[in-house]
Amino acid sequence: MTKPVVLLAEELSPATIDALGPDFEIRSCDGADRSALLPALGDVDAVLIRSATKMDAEAIAAAPKLKVIARAGVGLDNVDVPAATQAGVMVVNAPTSNITSAAELAVGLMLAAARHISPASQALKGGAWKRSKFGGVELLDKTVGIVGLGRIGALVAERLRGFGMHIVAYDPYTTPTKASQLGARLVDLDELLASADFISIHLPKTPETIGLIGAEALAKVKPGVVLVNAARGGIVDEAALAEAIRSGRVGAAGLDVFAKEPCTDSPVFEFDNVVVTPHLGASTEEAQEKAGVSVARSVRLALSGELVPDAVNVSGGVIVEEVRPGIALVEKLGRIFTAIAGSVPLHLNLEVHGEITEHDVSIWSLSALKGLFMDVVEQQVSYVNAPVIAEQRGVGVTMSTDAVSGDFRNVTTLSGALADGTEISVSGTLTGPRMIEKIVGMNGFDLEVPLTDHMATFTYADRPGVIGQVGQLLGAAGINIGAMQVARNDSGDLALMILNADSALAQEVAAQVAAAVGAEHFAVIDL
């Protein structure tokens, strides 16, 4: 059996490869070299990258088998997430892998800038003993303004409290209560700029944050402020910062990120009171290992067909263990729906009944959509692009839950009307300790049939002899029936036969059987 192919487009830790395990064919290439990357993507199932590899629309189009892009780090500036979503490619990253490393570097830059450590070191190495030139300032009892109180900003706040600093913070997406728990007072940006002796930036790079700390903002800062940016390049306008340093408005700065990277020339480089590093926020052994191991685990899940709930382009959220077995069942119900309907509905209704509704089962709507389109569109369908396909085709989804169930502890039903007005429904459940997947209802007929790889249904006018006739016809075609069940509607005039076959049942054979028994409707279901 051919192993899925995982491409390592950049150097990753040995622990990353160990976490992938032996189930994949591992290949490597230089992802920064487009002439090497694009051909290498031709038959890969997953690609692992860091910051140098650009997985844009061109690269994604060059990888028709691609199922997951894994960024061993936090930022996704080098991944075209909308293009990946359209192609059904899952995008995963490691959002918490480098937060400690980034927070520690921010504090390190702050200390280095406050005490002029870098120029003092350079001077001494050059043979000059200049104690008087490099006097600095203490952090104790100073006010630090943290711009962005997310995971990294919160860690910086915790660490700076240990230096005896007063903390103010600006973050329009957090609450005063959360800020208070971190020992910070929430203020608006103008107040932070005017009151802080030190400012540390911890914002994502968005259209709203690019250039946020520019000439206008820097004109409002407390004279002599020390500014640190270890978040994203472009949030601080480097030209405006250089001018503020030249005028003395900004006393010192520490920068790890730049508007254009790699950066070997910036207007701030001319100043001794600026300490700079080449985007080292995540460059610790611990962060690299955590990032690689985290995304390797996500790749394993994705390539085994599992849902990765924290993928950046999947609306999943936390999935409790009780809900997880139902993901595969509901996906199969979606495939059965389109098999018996022959098309997709105008609107899909998803009803969940029973004890399982104590938990959040909203993820099942993704499963239903994936199953619904998997066998009826040419493109790859995944948990990622199933909602996109549904939107493009105008298929809405409604989900309802009810703690009350009838004959089974839990029952999930997919139903919907087709363009011609025909109503289609299929219900399923999981039974017993082994969580056996079963169909328990179809188009108003009550059933209890285990799901198998090959199934077929025939709806016909109820009369004697049909079961034997079907068995004889399939036997002549070399199809062995593993199990069969027949149900009748309430009036008793229509019967639904559903059978499990040991091998695939060709449509032509099923059509011949349907014609022989006068079936009003038949469907072949291959799962």
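Predicted model: local features only at pLDDT ≥ 70, side-chain atom pairs only at ≥ 80, totals over all residues.
Biologist: Which residues of helix α16 are buried?
Modeller: Val466, Val470 and Leu474 are the buried residues of α16, which spans residues 466-476. Buried means under 20% relative accessible area and exposed over 50%, with a 1.4 Å probe and protein chains only. Helices are DSSP runs of H or I with at least four residues, and strands are runs of E with at least two, numbered from the N terminus.

Biologist: Why are they on the same side of α16?
Modeller: They cover an arc of only 60° around the axis, taken from the directions from the helix axis to the C-beta atoms.

Biologist: Which residues are exposed on the other side?
Modeller: Gln472 and Ala476.

Biologist: What do the buried residues of α16 pack against?
Modeller: They pack against β19 (454-461), β20 (481-488), β21 (494-501) and α17 (507-517), where contact means heavy atoms within 4.5 Å.

Biologist: What comes just after α16?
Modeller: Glycine 478, with a positive phi of about 80°.

Biologist: Turning to the lining of the second largest pocket, which element supplies the largest share?
Modeller: β16 does, with 4 residues. α13 (324-341), β15 (410-417) and β16 (423-431) each supply at least two.

Key: Residues numbered from 1 in each chain as written. Heavy atoms only, no water.
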